[in-house]
Amino acid sequence: MNKTLENPILRIKDITVGYQEGPVLRNASLDVFQNDFIGIIGPNGGGKTTLVKTVLGILSPFSGVIEYPQGKITTGYLPQITMIDKTFPITVREVVEAGLKPKSRWWPHLSKDQKSHACAVLEENGMLNFANRPIGELSGGQLQRVMLSRALVNNPKLLILDEPNTYVDKAYEGELYDRLKELNKKMAILLVSHDVGTISAMVKTIACVSGELHYHPSNKISAEQLKVYNCPIELITHGSVPHRVLKVHE
Amino acid sequence: MSDFFNLFQYQFFQNAVLAIVLTSIIAAMIGTYIVARKIVFISGGITHASFGGIGLAYFLGFNPFLGASLFAIFTGTAIEWMSHRGKVREDSAIAILWSLGMALGIIFVFLTPGYAPNLMSFLFGSILSVGTFDLIILTILFVITTVIFLFFYRSIVQTAFDAEFAGIMGTKVLFFRYLMSVLIALSIVVSIRVMGIILVLSIFTIPQSIAMLFANSFKKIIPWAIMWAIAGSLIGLFVAYEMDIPSGAAIVFILTILYLVVKGMMMIKERAMKRL
């Protein structure tokens, strides 16, 4: 087999991580390969966000390491939309440009090429017409698309989404999932959700995070397995979004 | 009216006008950051805490500007430190530092033997006593603030908007947070001469609020806020002279009127657009 397929692009190796009060996540390991689409599920406070913050480098693990066996990769990040201050005076274009790094350390501004690239990414996400609008004028779905553009603007090899399905209308949810399937051809995706039902149809595999991490190499998971993984979440699904929760497998 | 323009031949009045223009520009830039980050209350804490430094300076006999700057910078960085450590209820902490600063100021001023400094001039500003030292300090801070905003515009806006993401992208978030705390503290202190402690925040917030009625990004709000701040404070100075009232109060009054006029015009325009 090809080397790039054998080797993970990201290797989380036995990390224990948390805050001043103590570890939230213990001895977690996970390999992420280039075409992976992993759903990260678990109860609130179980360590999903802690895991994501460690991968993003915001938190340093108490022990264990994060490795990039194929060299450092670019990562795109879509935070929870509720974390965004919609009243902040900033235009759509400026938000997306935040996802790019200035080329020189000594002149911290973007080049013309980078700015036109940001516009191209906005166009791909159907938001170019809104480039000069303030984010306060956008609907939830439109803001989501802008934040996704910011995550994609530096051509990431790994895309991390934190609860992208909360507070967005259901019509946009379906659209987002189609878009993610398309993006998955070019990059690995980690999708954090407290709701396994909605995501299970689109992800390829599942990681249960609840103090510890259990990797489940399939997108089919049952209530019994969640119990085995010590991952107390409800299996619920919503409306017209495609979903499947299949029987226990051997 | 002609009396007012005759004043321009006097040095003290030229100083006053120059101080007002420089203060307006500094306050417009820093105030846009304050309003966008919603830290008006923190800035209020810094302003009032600086009075403790003024009192201490009188008591020990050094420059009140230096005393105020030290107290303001200490308060600003202390609040920033507490807020990112997240251990203390931020609003209570601000209120404590706010009133402690005022209390220390009053205690020190009363303990100072002999000549008692005019408290009123610090509380309400004393624009006609602007001296060369004030103008030099204002000019230096004007240059520093402008250069920092032009050069680090991107990092300042990104850190204020979404600090976590800015950090992921490699921006030195804490550096910019503290840099801005220091700039806020210094720009408030230099503005006290013109506006007074009690009214100084108005020039950091009202021009920005007028600008935000029709401008929607940092880049557009700053030049508009500069324009409104200069217009409001010069008209305020004129009114203060004509009516013989403190300039700070007149400036706040005029800025508020300007806000209402612009807001009213926007509403009339919106209605007209709807009818079309």
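This is a predicted model: local features need pLDDT of at least 70, side-chain atom pairs count only at pLDDT 80 or more; totals for chains, interfaces and linings use all residues.
A:Glu163 belongs to the loop between β6 and α6 (170-183) of chain A. Its backbone deserves attention as well: phi is positive, at about 45°, although the residue is not a glycine. Most residues other than glycine have a negative phi.

Is A:Asp14 buried or exposed? It counts as exposed, because 12 C-beta neighbours lie inside 10 Å, and the exposed class extends to 12 or fewer.

Six strands, in the order β5-β6-β7-β3-β8-β9, make up an open sheet with mixed pairing. At its edges are β5 (75-78) and β9 (213-216) of chain A, each of which pairs on one side only. From one strand to the next, the twist averages 15°. Strands of a sheet pair through backbone hydrogen bonds, either parallel or antiparallel. In chain A, strand β6 (residues 158-162) and strand β7 (residues 188-193) run parallel and are joined by 5 bridges. Within this pair, A:Leu161 stands opposite A:Leu191 of β7(A).

Helix α5 (residues 140-152) of chain A lies across β5 and β6 of chain A, and runs at about 165° to β5(A). The loop between α4 (112-124) and α5 of chain A holds A:Glu137. With 13 C-beta neighbours inside 10 Å, A:Glu137 counts as partly exposed. A:Glu137 and A:Lys86 are separated by 51 residues in sequence, yet their C-alpha atoms are 8.5 Å apart in space.

Chain B has another architecture to describe. Its secondary structure comprises 12 helices and 0 strands. The radius of gyration of chain B is 19 Å, close to the 19 Å that the globule rule gives for 276 residues, so the chain is as compact as a globular protein of that length. Along the principal axes, the C-alpha atoms of chain B fill a box of roughly 65 × 55 × 30 Å. Of the 276 residues in chain B, 45% are buried. Among contacts in chain B with a separation of 6 or more, 74% involve residues 24 or more positions apart.

One helix pair shows how elements of chain B meet. Two packed helices are described by the angle between their axes and the distance between the axes. For helix α4 (residues 64-85) and helix α9 (residues 173-195) of chain B, the axes come within 8 Å and cross at roughly 145°. The crossing of α4(B) past α9(B) is right-handed. Among the residues making the contact are B:Ala68, B:Ala72 and B:Gly76 of α4(B), together with B:Ser181, B:Ala185 and B:Ile188 of α9(B). The contact residues divide into 12 nonpolar, 4 polar and 2 charged.

The two chains also meet each other: 17 residues of chain A are in contact with 21 residues of chain B. On the side of chain A that touches chain B, the residues comprise 11 nonpolar, 3 polar and 3 charged.

Technical notes. Residues are numbered from 1 along each chain as its sequence is written. Chains are lettered from A and ligands numbered from 1 in the order in which they are written. Two residues are in contact if their C-beta atoms, placed from the backbone, lie within 7 Å. Ala, Val, Leu, Ile, Met, Phe, Trp, Tyr, Cys and Pro count as nonpolar, Asp, Glu, Lys and Arg as charged, and the others, Gly among them, as polar. Two strands pair if DSSP finds at least two bridges between them. Helices (H or I, at least four residues) and strands (E, at least two) are DSSP runs, numbered from the N terminus. Axes are lines fitted to C-alpha atoms, for helices over the stretch in contact, and angles run from 0 to 180 degrees between N-to-C directions. The radius of gyration is taken over C-alpha atoms; the globule rule is 2.2 Å times the number of residues to the power 0.38. A residue is buried if 20 or more other C-beta atoms lie within 10 Å of its own, exposed if 12 or fewer, and partly exposed in between; C-beta atoms are placed from the backbone. A crossing is left-handed if the near helix is turned anticlockwise from the far one by less than a right angle, and right-handed if clockwise.
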